[in-house]
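Please work through the following exercises with the sequence and the three-dimensional structure at hand. Each task is followed by a solution in steps.

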Amino acid sequence: MSDKKSTTRPRVRFAPSPSGELHVGGARTALFNWLFARHHGGAFILRFEDTDTDRNKPELIEPIMESLRWLGLDLDEGPYFQSQRTSIYQEHAKKLLAEGKAYLCYCTPEEIEEKRKMAQVTKQNFRYDGKCRNLTPDERSQFEREGRKGALRIKIDPHGSTVVRDLIRGDVVYAHAELDDFVIQRSDGLPLYNFAVVVDDVTMGITHVIRADEHINNTPKQLLIYSALGFDYTKVKFVHVPMVLAKDRTKLSKRHGATAVFEYLEKGVLPEALVNYLVRLGWSHGDQEIFSMEEMIQKFSLEAVHPSPAIFDEEKLLWLNHHYIMHGDPMRLGELAKQFAIKKGIYSEQEANAISADRWAAVVNFLKERNRTLVELAESSKPFLKDQLEYYDPKAIEKFLTPDKAKLLEHVIEAVKENIDNVSFTATNLDAAVRAKLEANGSSLKEVAQPCRVALSGLTQGPGLFEMMEFLGKKRVIERLEKAISMNINKK
RNA sequence: GUCCCCAUCGUCUAGUGGCCUAGGACGCCGGCCUUUCACGCCGGCAACCGGGGUUCGAAUCCCCGUGGGGACGCCA
């Protein structure tokens with residue numbers, strides 16, 4: 001790698017707040033950051049924005065990191081925690097105060113709230129009126145004597161405007177008249193979001209700020225902080241990616257059902273499927289739908305991210321998941337299916353472990369056409385991996401396991417017993433032998449196929465009849481056919 | 001209410017002024033295959049939000065509407 005390239009190596013960060021699980025929208029933002037970093041050989045950094053001690057949930061840190069790991073978004077740096085960097089923010093805050101670029105505001109939250117409500121009543125847009133901006137030393141010490149702790153507000157020149165140069169949206173102009181002297185440090189000395197972000201992005205050498213569109217209105221404020229701090233924000237690229245919306249076109253929230261990454265993990269969705277789905281939300285490469293991680297890294301570019309928000313469509317996710325179940329490594333998928341089988345209580349741990357890895361892999365191949373998630377697959381494996389059939393579809397019994405089918409099932413057993421030994425017990429051989437036997441007795445496969453299927457699996461639908469037989473093995477096939485016949489007799 | 005963003009099938013999208021009778025994918029509906037379901041294959045339904053410009057020519061450029069979303073905290 002040339003020196004030039006190494007000096008321009010981008011540094012990006014994903015900066016979640018640990019106040020909720022990592023949801024799919026956040027995951028997509030993380031993915032875009034990660035892809036951009038990987039594509040350019042840059043650094044992907046994780047930073048937890050946990051300055052709000054009230055809302056902060058430390059127990060969410062690990063699950064968020066686990067979600068990122070599961071998705072395959074590996075970190076180059078971090079995680080950093082803003083809660084551990086308070087002194088850094090305070091230093092910068094002190095500097096702004098000393099330089100007169102910020103001032104202490106002694107208004108209480110209650111006073112501010114009052115004014116906010118007033119503004120609401122008169123349908124005015126609330127902005128802080130700058131009451132404390134020009135306090136005299138006397139007034140200031142008076143407040144201090146009252147025991148008031150000041151919050152630090154940045155001075156914004158009400159005239160003029162700030163332009164956000166966004167890679168996706170172009171130039172967005174904000175009139176300062178729309179802004180106010182907003183608080184950058186709380187009266188308890190903790191920094192606020194806009195301030196901590198800027199200090200961090202500067203000190204961490206972030207070159208590209210890639211975040212969700214909901215943050216674009218914060219950007220002019222942050223730009224003003226860059227300037228106040230004496231930093232040149234034109235060196236930083238800002239990229240606001242479109243939001244991921246729920247079906248009702250509003251912001252994703254708990255009431256929308258599954259929105260967290262881990263919920264999809266638990267449904268038996270593969271990480272490559274979720275990543276593939278997410279990357280196509282707002283980004284595309286011609287008509288291509290299926291992307292491996294390598295292809296995404298190679299082909300991803302921010303310029304190809306389009307600006308409009310996207311709705312999360314679980315159906316398409318499941319289609320992709322099915323694709324990856326169809327084409328993935330059966331040994332890996334088998335192991336995962338086994339884990340879900342245990343986790344979801346479909347198999348006891350002992351039961352699942354008694355089945356070999358090869359067998360789990362085989363059942364994946366056997367059932368992958370008709371299962372969209374690994375949990376579904378684990379569930380539908382039961383008739384084929386367990387010794388005993390636990391379930392017969394009652395309607396299926398009524399319809400297909402009628403007494404008049406007993407004779408035909410006997411013929412099937414005969415065919416299975418007579419013509420085929422354990423070695424030649426293959427679908428092809430079984431197919432030929434069973435058909436021949438039935439025809440010799442003036443019957444046809446069509447007449448027994450469904451009864452036979454119900455006898456073997458308890459269900460009316462599933463893999464090919466002879467594939468099922470091959471998979472189950474001679475012993476079980478005979479057992480189950482005989483049992484079905486005895487069920488017929490009992491019915492009589 | 002104010003500010004900001006967005007606008008192609010139900011959904012994800014291709015499209016960067018003529019290649020568009022608007023392409024692909026999911027979903028949906030038919031058909032084929034077949035012992036069932038599925039897979040697969042074939043086919044179908046389905047969109048440029050509206051109005052003005054610019055231009056020989058607009059899905060593509062501009063303006064105005066309309067609609068949707070987001071932001072307006074000593075939250076992030």
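**Exercise 1. In which sense do strand E5 and E8 pair, and over how many bridges?**

Solution. Strand E5 covers residues 151-154, and its pairing with E8 is antiparallel, over 2 bridges. Two strands count as paired if DSSP finds at least two bridges between them. Helices (H or I, at least four residues) and strands (E, at least two) are DSSP runs, numbered from the N terminus. Within this pairing, leucine 152 stands opposite glutamine 185 in E8.

The model is a predicted one, in which local features need pLDDT of at least 70 and side-chain atom pairs count only at pLDDT 80 or more, while totals for chains, interfaces and linings use all residues. Residues are numbered from 1 along each chain as its sequence is written, chains are lettered from A and ligands numbered from 1 in the order in which they are written, and side-chain values use heavy atoms, with hydrogens and water left out.

**Exercise 2. State the strand order of the open sheet that 3 strands form, and find the strands at its edges.**

Solution. The order is E4-E5-E8, with antiparallel pairing. Strand E4 (102-105) and strand E8 (183-185) each have a single partner strand, so one side of each lacks a neighbour in the sheet; these two stand at the edges. On average, neighbouring strands of this sheet are turned by 45° against each other, direction ignored.

**Exercise 3. Describe the unit that E2, helix H3 and E3 make.**

Solution. Begin with the strands: E2 (residues 43-48) and E3 (residues 77-81) pair in the parallel sense over 3 bridges. Phenylalanine 48 has phenylalanine 81 in E3 as its bridge partner. A crossover is right-handed if, with the strands pointing away from the viewer, the path from the first strand over the helix to the second runs clockwise. Finally, look at proline 79, whose place is in strand E3: the peptide bond from glycine 78 to proline 79 is cis, with omega near 5°.

**Exercise 4. Determine how H2 is oriented to H10, and which residues make the contact.**

Solution. Helix H2 (residues 24-40) packs on H10 at an angle of about 85°, with the axes 10 Å apart. Axes are lines fitted to C-alpha atoms, for helices over the stretch in contact, and angles run from 0 to 180 degrees between N-to-C directions. H2 is therefore roughly perpendicular to H10, given that angles under 35 degrees count as roughly parallel, over 145 as roughly antiparallel, 65 to 115 as roughly perpendicular and the rest as oblique. Val24, Ala27, Arg28, Leu31, Phe32 and Leu35 of H2 make the contact with Leu274, Val275, Leu278 and Val279 of H10, where contact means heavy atoms within 4.5 Å.

**Exercise 5. What is the orientation of H10 to H12?**

Solution. Helix H10 (residues 271-279) and helix H12 (residues 314-327) pack at about 135°, their axes being 8 Å apart. The two helices are therefore oblique to each other. In H10, Glu272, Ala273, Leu274, Asn276 and Tyr277 meet Lys316, Leu317, Leu320, Asn321 and Tyr324 in H12.

**Exercise 6. What is the orientation of H15 to H22?**

Solution. Helix H15 (residues 357-367) and helix H22 (residues 465-472) pack at an angle of about 175°, with axes 12 Å apart. H15 and H22 are therefore roughly antiparallel to each other. Arg359, Ala362, Val363 and Phe366 in H15 meet Glu467, Met468, Phe471 and Leu472 in H22.
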